[in-house]
Amino acid sequence: MLVHSRGAKWAVWAVFLLLFVPLFALPLLVVLGASFATHWSSVLPSGLTTANYRAATRGEALQALTTSLLTAAGASLLALAVGTWAALAGAALKQRYRRVVDALFVLPVAVPSVVVGLSVLVAFSKPPMLLNGTRWIVILAHTVLVTAFAHQSVSAAVTRLDPAYEQAAASLGARPSTVLWRVRLPLLLPSLTAAAGLCFALSMGELSATMMLYPPDWTPLPVLIYAATDRGALFTGSAVAVVLMAATLLVLFALSRVRTRASYR
Amino acid sequence: MGIRFDSVTVAYDGNVVLDQLDLTVEPGEVMALLGPSGSGKTTALRAVAGFVRPVSGRVLLGGRDVTDLPPYRRGIGMVVQQYALFPHMRVDENVAFGLRARKAAKGEIRQRVAEALEMTGMAAYARRHPRELSGGQQQRVAIARALAIRPDVLLLDEPLSALDARLRSGMLSELARLHRELPDVSMLYVTHDQVEALTLADRIAVMDKARLQSCGTPKELYRSPADEFTASFVGGANLVPVTVGSGGVSFAGTELKVDTTGVLAGARATLCVRPHLVGLGEGPNRVVGTVTEIQWRGATHRLYVEVDGHSVMADLRELRNPPALGDAVALHFAPEDAVLLPAGVTHE
C-alpha cells in the first residue's frame, strides 16, 4: 500500500472516481442507455424499447458480427503464430539483429492504420497477388496491424523465460523441437493467451483500415456501426455497438479463464 | 564413464573465464570443483553439459570427444541450484520427461520413474506439482529427474546452495548415500562451500581466477596444501611470511621449529597453520601478540591476535576466562602441524 492514512485513501478514491467515471465509464453507459432508447432529448433517454436489439441481432447485423468474429479470430491466430515465431527467432539472434527485427514489427503500429490500409490495398490489387475484393484482404490487413502487439508481448515473455528450463530439458535428451513444444511454449502459454486477447480486441474494433478494404460480402461490425451513425440511426448503432462490446468481452473472458489455468506461479 | 578436460579454454568476447583446464574425473568418482564465484568452476561444468563452447581444447566423456555435440546428445544428468523443475508438469511427469524425450517404452517409463522417486524418497509426491513442494523436496525431484535417464555422468551445479543450513546437511548425506547406491556414476560437483566438497568428494579441484589451482583428495588438500589459495580456501588457514633457516623458520624475529625438508635455507616461504591447531599460552613454537578481536562461537572462541603486523587466528575450545581486547597473549603450535608453502600473495 502506497497510501497509509485513511484520509489520503479517501482522497485517492475521490480523484479516481472523478477521473475514471467521466472518462471511461460514462461514454459506455451513454451507449448502453441509447441502445434501449427511441428518443434522447432531455437528460435521460426516453421511449425505452428492445427493438434496437432485435435489429442488432439478426440479418445484416448478425452477419456482420459473424464476419467480425471470424476476422478477429483469423487475424489474431495468424498474428500470434507470426509474432511468436518472430519473438522466438529474435531471442536467438544477436542484440544488434534483434533490434532490427523488433523495429520491423513495430512499424505497422508506428504508421497510421489508414496508411497500412492504403498500402495493403495498393499492394494486393494486382495479379499475381490479387486479394482486393475478397475477405482475405481484410484479414490480412488486420493481421498486419495486430502482429506488432503479439510480437511485443510474446518477446517480452521470451526474454523473461529462465534459460534453466530449456537447458534442463536439453540435458535430459530433448531435441530443440521437443524443448520448444513441451517446455518453452507451455511456459509461454499465459502470455500467448494474453497476446491473443489483445489482438482479438484490437481486430474487433478496427475501422480505419477496414473501411478502405472491405468487400460488400465481408462487412465487419465496426463498419456497420459507422454506417448506422452516419445515416443518423444513433440508437440502432448503439445497440450494435453494445453487441460488439459484449461479444469482445465474452471472448476475452474465455481467454482469461484459459490463462488462469495456464499460470503456474 | 569418466570425464576429461583436455586443455579447455572458454572465453566470452575475449574475456577468458576458463583458462586451459586439464582435469580427469575417473569413472565412478566424485570430483568437487571448489572455488569462489567467478573462478570458472560453473563454466567448466557447463562445458561438459554442452551449454558453452570452448574456444580451444576438448571435452571427453568416457574417451569419446563430445566437444562438438549438442547438449541433448551427451546423455548427462544435470541438477542446478534453482531446481528448474518444469512448473506445468507434475512430479512424475517431470521425472518421466527425459525418458519420454528418448522415446522409452511406456512400461519402462513407469518403472524407472517409480524407481527414481523411490530412491530420492519422493514417491509419495508423484502427483503433486512442483509449486506444492518445499525447496528441499523440489531438489530431490530434480535429482530423481536427472537419475531417471540413468546417466553415466551426473553434473551438480551448487545443488544445495538454495537450501537452508539444516536441510543442506541432510541433503549432503542423501547425496553421499545416492553415490554409494550408484557407484558407477561419475559426479562433477560444483560448489563454493568447502564443507560440501570435503564431505562428499573423492577428490577436489580447487579453482581460482579461471584456473585450476590444485587438485587432490580432501585429506591431501587439507593436511598438505600446495599453495596459499588452496590452504586458505579449503579449511581456512593462518598464512604468514617467513624466512627459512636450518631446521626452522624465522617469523617476526622469533625462531620457529618447522620441517624444512626440500626448502633451501635463506629462501622466503609462507608458513601455514590451521587455526584449530593453534594453542593459547606457553608451548613450543611460541609467538606473542595483541588480541584484536574475540568471537564467541558457542563451542569455540576464535581469537584474532596481531603478531608483528600479521593477524593470526586461533580457534580454541570455549574459554572459561577469555582474554580481553588489547591483552598481550602467547600462542603456540606443534612443529608437525605446520606446513611450508611457496611464497605467494602473503609476501606482497
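Mentor: Helices (H or I, at least four residues) and strands (E, at least two) are DSSP runs, numbered from the N terminus. With that in hand, find A:A156 in helix α6 (residues 135–160) of chain A. Residues are numbered from 1 along each chain as its sequence is written, while chains are lettered from A and ligands numbered from 1 in the order in which they are written. Please keep in mind that this is a predicted model, where local features need pLDDT of at least 70, side-chain atom pairs count only at pLDDT 80 or more, and totals for chains, interfaces and linings use all residues.

Is A:A156 buried or exposed? It counts as exposed because it has 12 C-beta neighbours inside 10 Å. (Buried means 20 or more other C-beta atoms within 10 Å of the residue's own, exposed 12 or fewer, partly exposed in between, with C-beta atoms placed from the backbone.) Now step 15 residues along the chain: the C-alpha atoms of A:A156 and A:S171 are separated by 25 Å.

A contact is a pair of residues whose C-beta atoms, placed from the backbone, lie within 7 Å. Among the contacts in chain A between residues at least 6 apart in sequence, 70% join residues at least 24 apart.

As for A:V240, leaving out residues up to four places away in sequence, it touches A:A56, A:A61, A:L221, A:L224, A:I225 and A:A228.

Where do the two chains meet? In this contact, 20 residues of chain B face 17 residues of chain A. On the chain B side, β6 (76–80) and α2 (91–101) each supply at least two residues. That side has 13 nonpolar, four polar and three charged residues. (Ala, Val, Leu, Ile, Met, Phe, Trp, Tyr, Cys and Pro count as nonpolar, Asp, Glu, Lys and Arg as charged, and the others, Gly among them, as polar.)

Finally, chain B is assigned domain 1 (3–228) and domain 2 (237–347), with bounds from an automatic or database domain assignment. Their centres, taken over C-alpha atoms, are 38 Å apart, and the contact takes four residues from domain 1 and nine residues from domain 2. Chain B also holds an open, antiparallel sheet of five strands in the order β13-β12-β11-β14-β20; strands pair if DSSP finds at least two bridges between them. In chain B, β13 (254–257) and β20 (338–342) stand at the edges with a single partner strand each, so one side of each is left without a neighbour in the sheet. Five bridges join β14 (residues 268–273) of chain B to β20(B), and B:C272 stands opposite B:V339 in β20(B).

Definitions and conventions: Two residues are in contact if their C-beta atoms, placed from the backbone, lie within 7 Å.
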